[in-house]
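This briefing is meant for someone meeting the structure for the first time.

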Amino acid sequence: MPPKSKEKPKSSAAPPQPSISIEDLFTSINRHVDRSEFEQIVKLSDQVLAVAPGDEDALRCKVVALIKCDKIDDALAVIRKVPNDFSYFKAYCLYRQNKLKEAMESLKSLDENSATMLLESQILFRMGKMDASVDIYRKLQNSKIDSLEINVVAGLVSAGKSSEVKGILDAMRVKATSSFELAYNAACSLIDEHKYTDAEQLLLSSRRIGQEALMDESLADDEIEIELAPIAVQLAYVQQLMGNTKEGVQSYTGIIKRNLADEATLAVATNNLIALKGPKDISDSLKKLDKLIEKSGGPGSFQLARGLDLKLSPKQKEAIYINRMLLLLHSNKLDQARELVAALPDLFPGSVVPVLLQAAVFVKENKAGKAEEILGQFAEKFPENSRVLHLARAQVAAAAGHPQIAATSLEKIPDIQHMPATVATLVALKERAGDIDGADAVFDSAIRWWSNAMTEENKLSVIMQEAAAFKLKHGRKEDAARLYEEIVKSHGSIEALVGLIQTAAHVDVDKAEAYEKKLKQLPDLKGIDVDSLEKTSGAKHAEGGSHMGTTTSHEDGNKEKKKKKRKRKPKYPKGFDPANPGPPPDPERWLPKRERSSFRPKRKDKRAAQIRGSQGAVAKEAGAVNSKSNQATSSKGASNNTGPEPSKPSSKSSRKKSRK
């Protein structure tokens with residue numbers, strides 16, 4: 001048994017602790033604010049509120065400290081209990097919880113100032129309304145807000161306006177290398193403009209500036225690597241875009257293995273690595289993506305795991321879902337693909353990608369008609385995004401053997417009708433569908449467009465050349481001759497001149513002869529008599545080679561020229577001694593075994609042909625069968641395949657005869 005504890009002597013009543021004044025508490029709060037000790041601020045704020053309930057400054061300190069500690073739910077609970085108007089903090093907490101519509105409602109009751117405008121622009125950015133977000137940033141351009149230029153550049157890049165980044169930085173009089181965050185965002189704009197080399201150099205500068213700045217803050221090496229992990233991922237992405245696949249895979253793999261990055265950066269690195277690997281090792285790629293995507297709630301409800309939904313941009317989230325969908329299609333997991341594709345329209349309501357993926361599922365199920373139908377419906381419903389839908393519908397229809405539907409879909413994209421690739425595709429589709437007049441009209445429309453176009457690279461001659469060849473192919477010789485003549489007059493093309501002569505020979509012989517004189521005579525054809533060549537019956541093909549029977553004559557007579565053949569020493573294998581060659585090789589060594597003289601086929605099993613009966617009958621029948629088979633063999637060898645082969649007598653018939 002444990003020893004009994006001794007009873008403590010009863011002490012007199014504890015003296016009352018001296019009360020701390022509110023001023024001293026706020027002084028301590030201010031000291032902890034300078035040290036960024038937010039948990040202590042929460043405790044001191046509670047002490048102030050215990051003395052003075054409802055003190056607005058103490059409530060404000062507590063709410064801000066809870067937000068800094070990432071205790072958003074606790075901060076929101078405090079805001080909802082107090083009567084004070086903390087609409088701005090409420091909007092920010094709702095924004096952190098990704099309740100964006102509620103956050104916007106909370107901001108409407110506030111007066112417009114730089115703080116509310118900045119929060120509104122961030123909410124719009126997360127909602128995917130990039131243009132509206134950028135407009136607010138431009139209004140704040142002259143306000144003194146820390147790191148405003150970083151958010152402005154990020155908004156422009158996300159809105160697809162990377163070409164305006166340089167002008168904005170010049171207007172704000174800020175260099176791209178003023179901070180590593182700004183250099184990173186500026187490098188992203190260069191990537192969008194396909195300036196990969198410049199982007200790589202700026203990212204390297206961003207990493208160097210970041211290392212210097214974070215080392216001045218006395219951060220540990222692991223913390224510095226975590227802070228700079230997005231730059232490492234972006235450098236790997238640039239290597240991927242520049243075609244350095246091996247380096248990109250190594251960079252992504254190293255980042256994931258070290259695990260020294262925030263969750264969003266690791267998710268982007270994982271997604272990019274899967275996209276780089278493609279359909280290789282699908283099961284492993286699906287396992288990695290399943291860690292990022294999880295089902296929640298009812299059927300068909302998906303969300304990103306571990307708070308990634310709050311940290312990733314809409315484009316990044318969409319890329320993760322697209323890659324998972326493509327992997328499911330590659331692995332023929334159509335049930336999971338249907339379930340995911342049904343959830344995508346709610347996740348990305350303003351995107352056409354869910355429609356394209358839904359059509360891909362139909363194509364995988366051999367339902368091309370349904371895919372064409374859904375693409376056509378959404379193209380009419382969303383005319384601003386109809387171009388990609390029409391292109392996808394044309395591709396599906398062409399692959400399914402519906403050339404007329406494919407041509408109709410391409411014709412609904414007016415800004416590419418004159419391009420040579422589109423013209424060639426439309427003509428091929430209409431020709432396959434039997435619409436020769438429609439194909440001819442495509443050529444005529446393209447010729448009219450390029451005739452009036454004022455561009456540096458005019459494709460009129462190419463289009464006219466192909467149009468003339470098409471018209472000639474389909475018997476429209478007069479139109480073909482006219483086009484060839486226009487090309488000759490405008491461009492002086494030799495190919496067009498040859499085509500004009502060949503075409504005009506069917507329509508106008510005089511014109512053909514007139515243009516034939518413009519052809520330059522080849523220097524090697526001066527000594528050839530064309531008239532005598534036309535009277536000959538032409539070259540005849542001789543068996544045994546293309547040069548058999550031909551002779552060359554000397555200048556002074558008809559003697560045949562003989563060439564002396566130079567004797568060459570035979571080449572022997574390595575280590576072979578011609579003086580002691582040894583036994584000669586088998587002359588039949590290159591023949592198949594069944595064609596060699598030493599080949600003996602396997603004997604048939606005689607037991608299969610045994611006949612039950614008396615011994616004498618068996619011997620007699622066997623001899624009869626052998627004699628008849630020998631006769632059949634000799635007659636077959638003598639026939640030399642001049643007639644049908646005689647059939648062999650069956651053993652059944654011979655048995656019947658012997659028994660009789």
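Of the 660 residues in the chain, 33% are buried. The model is a predicted one, and the secondary structure of its chain comes to 33 helices and two strands. Among contacts in the chain between residues at least 6 apart in sequence, those that join residues at least 24 apart make up 45%.

**Helices H1 and H2**

- Helix H1 covers residues 22-35 and helix H2 covers residues 38-51, and the axes of these two helices come within 9 Å of each other and cross at roughly 165°.
- Angles over 145 degrees count as roughly antiparallel, and H1 and H2 are therefore roughly antiparallel to each other.
- The handedness of the crossing of H1 and H2 is left-handed.
- On the H1 side the residues that meet H2 are Ile22, Leu25, Phe26, Ser28, Ile29, His32 and Val33, while on the H2 side the residues that meet H1 are Gln40, Ile41, Leu44, Ser45, Gln47, Val48 and Val51.

**Helices H14 and H16**

- Helix H14 (residues 229-241) and helix H16 (residues 263-277) have axes that come within 10 Å and cross at roughly 15°.
- Since angles under 35 degrees count as roughly parallel, this crossing makes H14 roughly parallel to H16.
- The crossing in which H14 passes H16 is left-handed.
- H14 contributes Ala229, Pro230, Val233, Tyr237 and Gln240 to the contact, and H16 contributes Thr265, Val268, Ala269, Asn272 and Leu276.
- The residues of the contact of H14 with H16 divide into seven nonpolar and three polar, and no charged residue takes part.

- Asparagine 259 lies in the loop that runs between helix H15 (245-258) and H16, and its phi is near 60°, a positive value in a residue other than glycine.
- Aspartate 281 lies in the loop between H16 and helix H17 (282-290), and although aspartate 281 is not a glycine, it has a positive phi of about 55°.
- With a relative accessible area of 43%, aspartate 281 is partly exposed.

- Valine 134 is found in helix H8, which spans residues 130-139, and at 2% relative accessibility valine 134 counts as buried, the cut-off for buried being under 20%.
- Although valine 134 and leucine 156 are 22 residues apart along the chain, their C-alpha atoms are separated by 6.3 Å.
- Not counting residues up to four places away in sequence, valine 134 touches Gly155, Leu156 and Ala159.
- Aspartate 131 lies in helix H8 too, and with 42% relative accessibility aspartate 131 counts as partly exposed.
- Between aspartate 131 and leucine 156 there are 25 residues of separation in sequence, and the distance in space is 8.1 Å from C-alpha to C-alpha.
- Leaving aside neighbours within four places in sequence, aspartate 131 is in contact with Ala159 and Lys161.

**Aspartate 440 in helix H26**

- Aspartate 440 has its place in helix H26, which runs over residues 436-452, and aspartate 440 is buried, with a relative accessible area of 6%.
- When residues up to four places away in sequence are not counted, aspartate 440 touches Phe470, Lys471 and Arg476.

**Cysteines**

- The structure holds zero disulfides.
- Cysteine 69 is partly exposed, with a relative accessible area of 23%, whereas cysteine 188 is buried, with a relative accessible area of 14%.

Notes:
Residues are numbered from 1 along each chain as its sequence is written. This is a predicted model: local features need pLDDT of at least 70, side-chain atom pairs count only at pLDDT 80 or more; totals for chains, interfaces and linings use all residues. Side-chain values use heavy atoms; hydrogens and water are left out. Axes are lines fitted to C-alpha atoms, for helices over the stretch in contact, and angles run from 0 to 180 degrees between N-to-C directions. Helices (H or I, at least four residues) and strands (E, at least two) are DSSP runs, numbered from the N terminus. Angles under 35 degrees count as roughly parallel, over 145 as roughly antiparallel, 65 to 115 as roughly perpendicular and the rest as oblique. A crossing is left-handed if the near helix is turned anticlockwise from the far one by less than a right angle, and right-handed if clockwise. Contact means heavy atoms within 4.5 Å. A disulfide is a pair of cysteine sulfur atoms within 2.5 Å. Buried means under 20% relative accessible area, exposed over 50%, partly exposed in between (1.4 Å probe, protein chains only). Ala, Val, Leu, Ile, Met, Phe, Trp, Tyr, Cys and Pro count as nonpolar, Asp, Glu, Lys and Arg as charged, and the others, Gly among them, as polar.
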